[in-house]
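Please walk me through this structure.

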Amino acid sequence: MNTNDTHILNNTIMSSAPLEEPARQEFFMEKCHELVEDYMIRKGKAPSFFVATFGCQMNAHDSEKLIGILERIGYTEAEKEVDADFVIFNTCTVRENANQKLYGHLGALKKKKQQSPDMLIGICGCMMQQPETVEVIRDKYKIVDIVFGTFNFYKLAELLYRRLSGDEKQVIEVLSAPEKNVENLPEKRKYAFKSGVNIMYGCNNFCTYCIVPYVRGRERSRTPEDILCEIKRLVSEGCVEIMLLGQNVNSYGINYLDESETINENPDYDFPDLLEDVCKIEGLKRVRFMTSHPKDLSDKLIDVIVRNPKVARHIHLPVQSGSTAILKAMNRRYTKEDYLALVDKIRAKLPDVSLTTDIMIGFPGETEEDIQDTIDVINYAKYDQAFTFIYSIRTGTPAAKMEQLPEELVNERFNRVLEVVRESCSEVSARFEGCTKEVLVETENDHMDGYLTGRMDNNILVHFPGDKSLIGSFVNVKLNEAKGFYYLGEIDEFQ
Ligand code: 5AD
Ligand code: SF4
């Protein structure tokens, strides 16, 4: 915090060979820890943090790593954002309302920061990968202390140390492309019994509406060794369910982050191979994956799912639109007929599968006929769940330059499609009423005393009476009543 620290830092880094990652971050975690110890002597308690996560599973998983670093440094987790000494926003920018959400939170914290100037605010994640947003933060939100992006979030301790020990009021470091892959950083998992595992980063698909390839960079797969090793460690720590994460898991293995023996021995190693290897890990009970681009979902993958009961009978297969013309304008590289044929093929081999999807309404040029095609697909595919979004213009994407539809028309279409989705999904997801299914118990129920909440392998939630000692274990639950998007049930003692 004083100038001496800066000297120590510079001497240590400069007088010897530069530290390689992750040792460099270990060094800064240690330096921050010393500052936390000073703080504890002065204030009689550890400083607290709150990480607010917006957006997808990737961000949720990145936040677990941020929390791991903060806890290693000596911070303790605050229950609420307003109570924390250090608030970090891990942002999303996939739709405009995600951006607005951040500004709302910053506005709410302004007063608190004025009253307690020691409080720190950090922002990271996808929104910070856009230079114009960083400019807004630099010019208008001086209350923000640290800004970093998706390619250097592992540097949290280093940036925090720079902010606390130097003269910079705002430390901003955003990279435009990944520099290196840093493995083995601390992480604090939200659940002890299940975890996400990144198998790849970035996306090469450039769907014309989507900002992800610009803010998360090109596709980079982790090596099978790194992934399998991480999962084995997680299982040894008590994890029973793993979710393999990638923007498009079906293109796993095309571009690697590092060289590895497996890749050299078997250059054709792909996602189905990885999935099959993951299933071989003893002690692991359930494997999920997300997300599958329909253009790349292979027969080989379906066959691996068929012969491995550990793989959840659930495929998230974002359709976006049912209209071949709109799919072409979106650069999705499949037609309505291709998609429906894929649904048929999956259902023929996996009759008990649950399909879920993402649907976008209001893409430029969409006509009433296109909406009808989307409704056709919803009715044909019989989704258990469909996430429906209003198209949101993202600066820098090709679709942003196309002629946009009037808001009122889009809202009317959205509400209409949402109604179809509600009706179809509640009917489809009710098909298990009366059956007994295996459920992984996740939490105590927030609203009903004495109830637990668990997830079936098709990702649907079930609430049922039970003791919290069951959290983290699999139980058989009789699904008494379908409630639209969830079930009410009871433990089936006879199964
Ligand atoms: N507007 C609205 N929804 C979008 N999505 C991605 N980009 C946009 C956008 N510009 C949706 C897609 C994707 C999901 C994660 O978010 O449906 O599958
Ligand atoms: Fe975005 Fe398309 Fe990549 Fe998905 S596949 S992240 S929608 S560009």
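**From a strand pair to a ligand**

Start with one residue pair: histidine 316 sits opposite threonine 356, a residue of β13. Keep in mind that this is a predicted model.

That pair belongs to two strands. β12 is joined to β13, residues 354–361, by three bridges. The two strands run parallel. Now widen the view. β12 and β13 belong to an open sheet of three strands, in the order β12-β13-β14. Its pairing is parallel. The edges are β12, residues 314–316, and β14, residues 385–390. Each of these edge strands pairs on one side only. On average, neighbouring strands of this sheet are turned by 15 degrees against each other, with direction ignored.

A helix comes next. α15 covers residues 407–429 and lies across β13 and β14. Its direction makes an angle of about 175 degrees with β14.

Now turn to the ligand. Which residues surround ligand 1? The shell holds Val94, Arg95, Tyr209, Gln320, Asp358, Met360, Phe389, Ile390, Tyr391, Ser392 and Arg394. By type, six of the shell residues are nonpolar, two are polar and three are charged.

Some contacts are polar. Arginine 95 places a polar side-chain atom 2.9 Å from an oxygen atom of ligand 1. Glutamine 320 has a side-chain N or O atom 2.6 Å from an oxygen atom of the ligand. Serine 392 uses its backbone: an N or O atom there lies 2.8 Å from a nitrogen atom of ligand 1. How much of ligand 1 does the protein bury? Taken alone, the ligand exposes 400 Å², and the protein buries 85% of that.

Another sheet remains. This open sheet has six strands, in the order β2-β1-β3-β4-β5-β6, and its pairing is parallel. At its edges are β2, residues 76–77, and β6, residues 171–173. Each pairs on one side only.

Three bridges join β6 to β5, residues 146–148, and the two run parallel. Here phenylalanine 148 stands opposite glutamate 173 in β6.

α6, residues 156–165, lies across β3 (86–91), β4 (120–125), β5 and β6. Relative to β6, helix α6 runs at about 150 degrees.

Methods. Residues are numbered from 1 along each chain as its sequence is written. Chains are lettered from A and ligands numbered from 1 in the order in which they are written. This is a predicted model: local features need pLDDT of at least 70, side-chain atom pairs count only at pLDDT 80 or more; totals for chains, interfaces and linings use all residues. Side-chain values use heavy atoms; hydrogens and water are left out. Two strands pair if DSSP finds at least two bridges between them. Helices (H or I, at least four residues) and strands (E, at least two) are DSSP runs, numbered from the N terminus. Axes are lines fitted to C-alpha atoms, for helices over the stretch in contact, and angles run from 0 to 180 degrees between N-to-C directions. Contact means heavy atoms within 4.5 Å. A residue is near a molecule or strand if one of its heavy atoms lies within 4 Å of it. A polar contact is a pair of N or O atoms within 3.5 Å; within protein, one must be able to donate a hydrogen and the other to accept it, and residues adjacent in sequence count only if both atoms are side-chain atoms. Accessible areas come from the Shrake-Rupley method with a 1.4 Å probe; for residues, only the protein chains shown count as cover. Ala, Val, Leu, Ile, Met, Phe, Trp, Tyr, Cys and Pro count as nonpolar, Asp, Glu, Lys and Arg as charged, and the others, Gly among them, as polar.
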